[in-house]
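Let's take a friendly walk through a protein model, one region at a time. Have the sequence and the 3D view ready as you read.

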Amino acid sequence: MEAGTQQTTGGGRSLDRSPLSRLPDRLVRVGLTAISAAILVLLGYFFIKLTIEAKPVFEKFGVLNFVFDNNWDVSKGIYGALPLVVGTLITSALALVMGVPIAVSVALFLTELCPRRLRGSLTILVDLLAAVPSVVYGLWAFFFLIPKLKPAEQWFADTFHFIPFVATENVAGPNYFIAGLILAIMILPIVSAISREVLSTVPPDQKEAALALGSTRWEMIRTAMLPYARRGIVGGSMLGLGRAIGETIAVTIVIGDNPILGHSVFDQGYTLAAVIANEFNEAASDPLHRAALIGAGLVLFVLTLLVNSIARLMVLRSERQGARPMTAAAAEGL
Amino acid sequence: MEVGALQPRGPLPPVSGRRRRADRFARSLLWLATGVAIVPLVLVIYYILSKGLGALSVEFFTTDPTGDFFGAQGGVKSAILGTIEIVGAAALVAVPLGVGVALYLTEYGGDGRLARAVRFFVDVMTGVPSIVFGLFIYLTLVLAGVGGSSFAGWKGSAALALLMLPVVTRSAEVVLQLVPGSLREAALALGAPRWKVIVRVILPSAASGIVTGSLLAIARAAGETAPLLFTATIVKATTFNLNEPMNSLPAQIFQDLKQPNDELVQRAWGGAITLVAMILIVTLIAKLIQRRSRVQGAP
C-alpha cells in the first residue's frame, strides 16, 4: 500500500509514526467500538422502554394474571392474554409438526438422493420459499387455502372427532390450522437450510462404514446420519419455531381475530403478534389498552428470546462436534 | 457421494426383501416430501400471476390509490415509491452500521468481553419479532413526535434498519473472517496503518460477500409489513418527504385484501406480483454476485 513512504533508514525511531498520522487509526478503532457498544445500549433501552410502557397493565393485573388469565375483553378493559399466548403456541406447534418432517426430508433428499443435475435448481426453489413476503402468503392463504381446504378440514374434524382438539361442529374459515399451515410453509426454507448444512457435516467415513456393513441407503441415513445431525436439526427447528412465534402479518390475515380460546384447531383464534397489529390503532387513545398491547409484545419478545437462545446453543454444540466449522449464519440470509 | 461403489457384491447374501422394501419406501417418501415442499411455491406463484396479471397496466404503476368508495380505485405508485424510499433509507443506515460492527468484531474485538457481548446481542436482535421492533419505534419516535411528525417514512426506515442490522452484521462477519490472515499481516508488515489495511485490503477482498449479505437483508426488509403499519402507516398520496406518513407495498396489499371491493382485491394481487418481482430481482442480483465471486476464487 502506502508503505513506500515509510523511511526505513535511520534505525527504529523513524519507524514510529507521528502522533498526527496515528490519529485516523485511533478514530477508526474508537468509532467502531462505539458503534458496537451503542448496539448494546440500544437493546438495553429497548427492553427498559417496553417494560416501562407496559407497567400500567402489569400493575393493574399482575404479571402472572396478565399472562395466564383467559379473558381478553377490550370493551370492559380486562386484559388476560392467555388466549393469545395459547394461540401463538398452538399455531407455532402446528407449524413445527407439519413443517419440520418435510423440511428434514427435503434436506436429506438434497444431500443424499437427489440426482446431481437437479440438486442446484431444487435448492434454489426451496430457498425461494423464503423470498415470498409474508403478506403475499397471507393473501394467498386468504383467497386460496381457506376456501379450498374448508371441506377437507370439515371432513377431517368429523371423521377424527375422537382425537382431542379436532372435533368441531362448524369449521371456521380462518382458524388455527390454516395459520399453522402457512407458518409451516414459511419456516420450511430456514429449517431445511440448517438441516442441510448439519447433514453435510456428517463425516463421509461414517456413512461409508454403514454402507460397507451392508446397510441400505435408508438404513445408512437412519443409523449414521440422523443421530449425528440430530442436535443441529433440533436447533434449526427451534430457530424455525422462533420465526413462527414472531410472524405477524400472514397469521393476522388467517387467524380469525377472535380473542376467545378455541376448543379445536379448526376454530378461530388470535395470537400475540396479530393482536398488536390489529388493535394498536384503537389503543392509541386508551393508555391501559396500549400498555396491554406492549405487554403482549414483551411476552412475545421473552418467548422468542427463550426459544432462540436454546436453539443457538444447540446449533453451536452440533457445530463444535462437527468436523468442519459450519456457518449457521449463512442461513440468516434467508 | 460415490460411496455406493463400496457396497458389497458377490458372495454376501442379498438384502432381504423387507429391508429392500423399507429402503424403497423411505426413498419414495423423501421424493414425495420434496415434491410437497415445492407445491406451495408453485401454487403461490401461479395464483399471483393468474389473479394479478390482469391488474397490471400503465395506470396501475402511474396512479396513486384514490380511496373513493365508487369509481376507479387507482394504482400503487405511492406504494412502490414508498417502499423504495423507506427500504433505501433503512439500508443507508443499517449497512454501514452493520459492516462497522462486523469490522469491530473481526478486526478489533477478537474474543474480548465486549465483542462476545455484542455477538450475543446481535444474535438476540436477529430473533426479535419484527412487530416488536415496530412497537419500540412507535413508542420512542411516533408517540414522542420526534422530528415534529407523528407517523413518518423515516420512522418506518428506523424500524426496518433495526431488523436489517443483525442480518448485515452476521453475514459481513462471516465473510470478513474468510479474509486470509496472511493478507492482513502482509499489509501491516509493509507498514500500512490499521485503518488503511481495513479500507484498502480487507474491505475490497470481502466486498462481494458484504454486498450479497446486504442485498439479502434488503430483500427481506422490503417484504416486511408489520413494523410499517404503525410507523409509516398507510396513506394514499405519493410523497418524497421522509418526514411525512408514507405508503408502502406490503402495507397497501394488507389494507386492500380484506376490502369488499373486487377492484381493491385485484389491486392487492397486482401489488403482490410487483412486490415479489422487486424482491426476486434483488435476491437474484445478490446470488449472481455471490456466484461470480466464487468463480473468481475470492470469498
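## Chain B as a whole

Chain B has 11 helices and zero strands. Chain B is more spread out than a compact globule, because its radius of gyration is 25 Å, well over the 19 Å that the globule rule gives for 299 residues. Please keep in mind that this is a predicted model.

How far does the C-alpha trace of chain B span along its principal axes? The answer is about 80 × 65 × 35 Å. Of the 299 residues in chain B, 47% are buried. Among contacts in chain B with a separation of 6 or more, 75% are between residues 24 or more positions apart.

## Where the two chains meet

Now turn to the place where the chains touch. Here 74 residues of chain A are in contact with 84 residues of chain B. On the chain A side, helix α1 (residues 19–61) provides the largest share, with 16 residues. What kinds of residues make up this side of chain A? It divides into 49 nonpolar, 15 polar and 10 charged residues.

## The nonpolar core

The largest nonpolar core holds 196 residues. The members that touch the most other members are A:Val136, A:Tyr137, A:Ala141, A:Ile182, A:Val254, A:Ile276 and B:Met164. Helix α6 (residues 176–199) of chain A gives the most to this core, namely 18 residues.

Setting aside residues up to four places away in sequence, A:Ala141 touches A:Ile146, A:Ile178, A:Ile182, A:Ala250, A:Ile253 and A:Val254.

## A helix with a bend

Next, look at helix α3 (residues 82–113) of chain A, which has 32 residues. At 1.5 Å a residue, this helix should span 46 Å, and its end C-alpha atoms are 45 Å apart, which agrees. Where does α3(A) bend? The bend is at A:Gly99 and amounts to about 35°, with a proline, A:Pro101, following within four residues.

Is α3(A) largely enclosed or largely open? Since 24 of its 32 residues are buried, α3(A) is largely enclosed by the rest of the structure.

## A tyrosine in a strand

A:Tyr79 lies in strand β2 (residues 78–81) of chain A. Is A:Tyr79 buried or exposed? A:Tyr79 has 25 C-beta neighbours inside 10 Å, so it counts as buried; the cut-off for buried is 20 or more.

Apart from neighbours within four places in sequence, A:Tyr79 is in contact with A:Val57, A:Phe61, A:Phe66, A:Trp72 and A:Ala292. A:Glu112 is 33 residues away from A:Tyr79 in sequence, and the two are 51 Å apart in space, C-alpha to C-alpha.

## Two residues with positive phi

Which loop holds A:Asp257? A:Asp257 is in the loop between α9 (249–254) and α10 (272–283) of chain A. A:Asp257 has a positive phi of about 55°, although it is not a glycine. With 17 C-beta neighbours inside 10 Å, A:Asp257 counts as partly exposed.

In chain B, the loop between α9 (226–229) and α10 (249–256) contains B:Thr233. B:Thr233 is a residue other than glycine, and its phi is positive, near 55°. Because B:Thr233 has 21 C-beta neighbours inside 10 Å, it counts as buried.

How values were computed
Residues numbered from 1 in each chain as written. Chains lettered and ligands numbered in written order. Predicted model: local features only at pLDDT ≥ 70, side-chain atom pairs only at ≥ 80, totals over all residues. Core = buried A, V, L, I, M, F, W, Y, C linked by C-beta atoms within 7 Å. Buried ≥ 20, exposed ≤ 12 C-beta atoms within 10 Å, placed from the backbone. Contact = placed C-beta atoms within 7 Å. Rg over C-alpha atoms; globule rule 2.2 N^0.38 Å. Nonpolar A, V, L, I, M, F, W, Y, C, P; charged D, E, K, R; others polar. Expected span 1.5 Å × (residues − 1). Bend = angle between axes of the 7 residues up to and from the residue.
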